[in-house]
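Here are my notes on this model. Please read them with the structure open beside you.

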Amino acid sequence: MLISIGLDVSSEYMLDYSLQNNPEHASTYHSGMQHFKETYPSLRTWIDSLQQCGALRDTFIVIPKAQNTELSERQHAIYAKANNANGRTALLIHGYGDNSMGMLHIAYIYNKVMGYNIILPDLHGHGLSDGTDIQMGWYDRLDILQWIKVAHQMFKPEASTADVQMVVHGISMGAATTMCVAGEPTPDYVRCFVEDCGYTSVWDQAKAAVKDLYGGAMGVFIPAVSLASKVKFGYSFREASALNQIRRCKIPVLFIHGEADALVPCAMVYRLYEAANCDKQLLTVPGAGHCLSASVAPKLYWSAVRSFIERYIDR
């Protein structure tokens with residue numbers, strides 16, 4: 001009896017510790033722009049120019065809550081149009097505990113260099129979006145399906161017969177979200193996906209994180225924490241599986257992973273790649289840690305991304 005109570009208390013604590021974001025995540029968002037400018041000083045001219053001419057804008061939408069469709073929530077994104085995009089659009093998804101500002105270094109290449117419209121949502125419980133819990137990409141997939149429709153309305157060329165052509169590109173939890181979206185029916189204008197250092201499932205990632213942080217000693221709690229997640233948030237850790245979703249994907253996917261990733265083991269990307277039954281490509285980056293492939297090997301990274309998406313998105 002006491003052991004059972006102890007497991008319940010411990011699992012609830014671990015669940016809240018891992019899946020409850022900082023309730024002040026909105027204030028973190030507001031400091032994100034300055035952090036971006038300090039981290040990437042070479043990109044400051046680009047972002048300053050967008051801000052000065054009012055091209056970088058905020059938008060909010062109200063959508064059904066994924067956990068309870070009888071309720072609604074407000075979600076936020078930033079976006080910018082490119083003059084000659086002609087419908088070419090990149091929807092960029094941030095990682096765990098981050099917000100849309102954390103994807104601006106990726107947005108720079110798409111917008112400034114490649115000439116794409118960009119839209120960067122704040123996932124549920126992040127940035128200026130409602131919520132305090134972290135959905136680990138599972139329910140986020142349903143929210144991103146809504147943002148895909150919004151992006152289509154925003155960026156559809158007005159004076160042209162061309163339609164939107166969209167790539168969805170996510171990093172870390174955003175990559176897991178991307179793969180979960182890829183397993184759902186998507187409109188024809190979604191042409192391809194790029195996932196960078198995503199995990200196979202929340203279950204597998206929980207095991208990897210416990211091993212990395214505690215040497216595996218806390219692994220005994222994972223089944224109980226998964227059950228607590230099912231009760232509290234509506235999904236179990238095994239259910240939240242990018243691996244299962246990617247098996248259903250019919251749209252091209254580029255898989256990227258850093259070979260020195262200690263947080264999401266590189267071994268996961270090989271399982272994901274093998275499971276995919278679509279046009280696909282794999283890039284692993286030697287020496288790159290978690291979320292660092294684009295920084296460690298920018299030429300290799302962007303050469304692979306550009307050559308891949310240009311097979312499916314007309315220039």
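1. How are α4 and α12 oriented to each other: roughly parallel, roughly antiparallel, roughly perpendicular or oblique? They are oblique to each other. Angles under 35 degrees count as roughly parallel, over 145 as roughly antiparallel, 65 to 115 as roughly perpendicular, and the rest as oblique. Helix α4 covers residues 104–113 and helix α12 covers residues 298–309. Their packing angle is about 55 degrees, and their axes are 12 Å apart. Axes here are lines fitted to C-alpha atoms, for helices over the stretch in contact, with angles running from 0 to 180 degrees between N-to-C directions.

2. A word on sources. The model is predicted: local features need pLDDT of at least 70, side-chain atom pairs count only at pLDDT 80 or more, and totals for chains, interfaces and linings use all residues. Residues are numbered from 1 along each chain as its sequence is written, and side-chain values use heavy atoms, with hydrogens and water left out. Helices (H or I, at least four residues) and strands (E, at least two) are DSSP runs, numbered from the N terminus.

3. Back to the helix pair. The crossing of α4 and α12 is right-handed. On the α4 side, I106, I109, Y110 and V113 make the contact (heavy atoms within 4.5 Å). On the α12 side, Y301, W302, V305, R306 and I309 make the contact. Eight of the contact residues are nonpolar, none is polar and one is charged. Ala, Val, Leu, Ile, Met, Phe, Trp, Tyr, Cys and Pro count as nonpolar; Asp, Glu, Lys and Arg as charged; the others, Gly among them, as polar.

4. Helix α4 itself is mostly covered, with seven of its 10 residues buried. Buried means under 20% relative accessible area, exposed means over 50%, and partly exposed lies in between (1.4 Å probe, protein chains only). The buried residues of α4 are L104, H105, I106, A107, I109, Y110 and N111. Just after α4, G115 takes a positive phi of about 75 degrees. The helix lies across β2, β3, β4 (117–121), β5 and β6. Against β4, α4 runs at about 165 degrees.

5. Now the sheet. It is open and has eight strands, in the order β1-β2-β4-β3-β5-β6-β7-β8, with mixed pairing. Two strands pair if DSSP finds at least two bridges between them. Which strands stand at the edges? They are β1 (57–64) and β8 (280–285). Each has a single partner strand, so one side of each is left without a neighbour in the sheet. The twist averages 20 degrees from one strand to the next.

6. Strand β2 is worth a look. Seven of its nine residues are buried, and the strand is mostly covered. Eight bridges join β1 to β2, and the two run antiparallel. There, R57 has Y79 of β2 as its bridge partner. Strands β2 and β4 also pair in the antiparallel sense, over four bridges. A77 stands opposite P121 in β4. By contrast, β6 (residues 190–196) and β7 (residues 253–258) run parallel, joined by four bridges. F193 has V253 in β7 as its bridge partner.

7. Two backbone points to check. N86 has a positive phi of about 50 degrees although it is not a glycine. Its place is the loop between β2 (72–80) and β3 (88–93). N86 is partly exposed, at 45% relative accessibility. S172 also has a positive phi, about 60 degrees, and is not a glycine. S172 lies in the loop between β5 (165–171) and α6 (173–182). Is S172 buried or exposed? With a relative accessible area of 8%, S172 is buried.

8. G95 is buried, with a relative accessible area of 10%. G95 and N84 are 11 residues apart in sequence, and 29 Å apart in space, C-alpha to C-alpha.

9. Last, S229 in helix α8 (residues 222–233). S229 counts as buried, at 0% relative accessibility. Leaving out residues up to four places away in sequence, S229 touches L15, L19, G234, Y235 and F237.

Conventions:
A crossing is left-handed if the near helix is turned anticlockwise from the far one by less than a right angle, and right-handed if clockwise.
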